[in-house]
Amino acid sequence: MGKENVKILVGDDSILARKQLKDTILKFEESVEFIDAANGQEAVDLYLKEKPNIVFLDIVMPIKDGIAAVSEIIQNDPSALIVMVSSVGTQVQLKAAIEAGAKDFVQKPINPDQIKNVLASHLK
Amino acid sequence: MFAQFFGSYLLSKNAVSPEQLTAAITKLADTHIKLGTLAMHKGYMTASEVDEVCFLQTREDKRFGEIALERNYLFEDQLEDLLKSQNPDYLLLGQTLVDSGVISNTDLETLMVGYQAENKLEEAPSEDANQEETQTLIMNFFEAADEQLSDEALMYMNLIFNNLVRFIGEDFTPLAPVACTSYDTNYCVTQSISGPINVTSGIDMEEDVAIAFASRYAKMEFHVFDEYVKASLEDFLNLHNGLFSVNMSNAYSTEVALDPPMHNDVPTYKMDKGSFVIPVIYPFGTIYLILAM
């Protein structure tokens, strides 16, 4: 990605969780453009419109949950880079997320080191 | 966890009033455990011996241990043991209540013995009590209020008290659970869990309490009741229920589904039989845990 602006879509129904994640990302990435989505449907629509470099998605969300949103995004863009961020880190949810096409999983409460590693390994 | 439930034990025995307890809880952070309290807890000294040494300390410029040794109230090896032993957290609460004149050392001695016997505590439970010990504690807490919990509900309550310690702070005391089928709400957030077990849980509090609760949860300073404060309440509940679903999956291979948390915008919340509300006192105010079966 080099010095170019990184476009990051943050999908979470909690305004606080979005802020906490964005604040954490800003510790490790300098030039970022954030796109906020408050539910799974918004995340799908904004993905198609904005084509972000990476997506962070919560699972439990109103209107459309995170797993369904991943499936839809991947159908439209199989190369989409999506990381799930959820407190529901059960094996079943993990498997469902990966099968839907998510590339990584971060357990809430988020740990800055984990976010740092995710950014480092996916945004080269 | 033992300090929190020692507080509710004291309330259930009418040894203190909620106001006295809250005042003692707010002082905890600045209090250090005294040798006399520890000696009494270990059964090395009686309450009257401790009182006597404390009195003598006002006459002689000597340390507690020195006087206790001189009077043969303590042996050298006992003193050494006390100086290096780990203190259960509820002792500090008891001592704070003695220092504030709410109860006497003699009361504390009796109450400690009763509390330990009721909860089958080892002589000196460490501060990192294991899951099993806190489960017994919570079971007794509910039994004292004539509430029987299923294994899952017990795990649920154990986890929520642990999450309060972890994300909000350990300076709380839960009051006895109140069985009810309707509840008048303040600002109430609920979340439904479905699957092999179906539960709706919630947290409810007044707006100014919510501001303080959210400030602790988010580690930010909030001053007005805004969307971040509201989101903090939802996030705490959602985080807790998410961790519960992980526990259910690991312990029982049971998968539960979570609905998104929501603001429950009704003045009176109706619940089925078997539901209950637990008031939890923090220095900044009271929060209400709701478990609707």
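## Two domains in chain B

In chain B, the centres of domain 1 and domain 2 lie 32 Å apart, taken over C-alpha atoms. The assignment behind this (bounds from an automatic or database domain assignment) gives domain 1 as 2-7 + 14-127 and domain 2 as 132-292. This is a predicted model, where local features need pLDDT of at least 70, side-chain atom pairs count only at pLDDT 80 or more, and totals for chains, interfaces and linings use all residues. Residues are numbered from 1 along each chain as its sequence is written, chains are lettered from A in the order in which they are written, and side-chain values use heavy atoms, with hydrogens and water left out.

## Where the domains of chain B meet

Counting contact as heavy atoms within 4.5 Å, domain 1 of chain B puts in 14 residues and domain 2 of chain B puts in 16 residues. Together they bury about 1,400 Å², 71% of it on carbon and sulfur atoms. Buried area here is the accessible area (1.4 Å probe) that two parts lose on being put together, summed over both. On the domain 1 side, B:Gln4, B:Phe5 and B:Ile25 supply 47% of the area buried against domain 2, more than any other three residues.

What about salt bridges (a side-chain nitrogen of Lys or Arg within 4 Å of a carboxyl oxygen of Asp or Glu)? Between the two domains of chain B, the count is zero. The rule does find two residue pairs in polar contact there, both residues at pLDDT 80 or more. A polar contact is a pair of N or O atoms within 3.5 Å; within protein, one must be able to donate a hydrogen and the other to accept it, and residues adjacent in sequence count only if both atoms are side-chain atoms.

On the side of domain 1 that touches domain 2, the elements giving two or more residues are α1 (2-12), α2 (18-27) and α8 (105-118) of chain B. α2(B) gives the most, with five residues.

## Where chain A meets chain B

Between the chains, 18 residues of chain A are in contact with 24 residues of chain B. The buried area is about 1,600 Å², with 67% from carbon and sulfur atoms. In chain A, the residues losing the most area to chain B are A:Ile15, A:Leu16 and A:Val60, together 33% of what that side buries.

There are zero salt bridges between chain A and chain B, while three residue pairs are in polar contact across this interface, both residues at pLDDT 80 or more. Helix α1 (residues 15-28) of chain A gives the most to the side touching chain B, with five residues.

Conventions: Helices (H or I, at least four residues) and strands (E, at least two) are DSSP runs, numbered from the N terminus.
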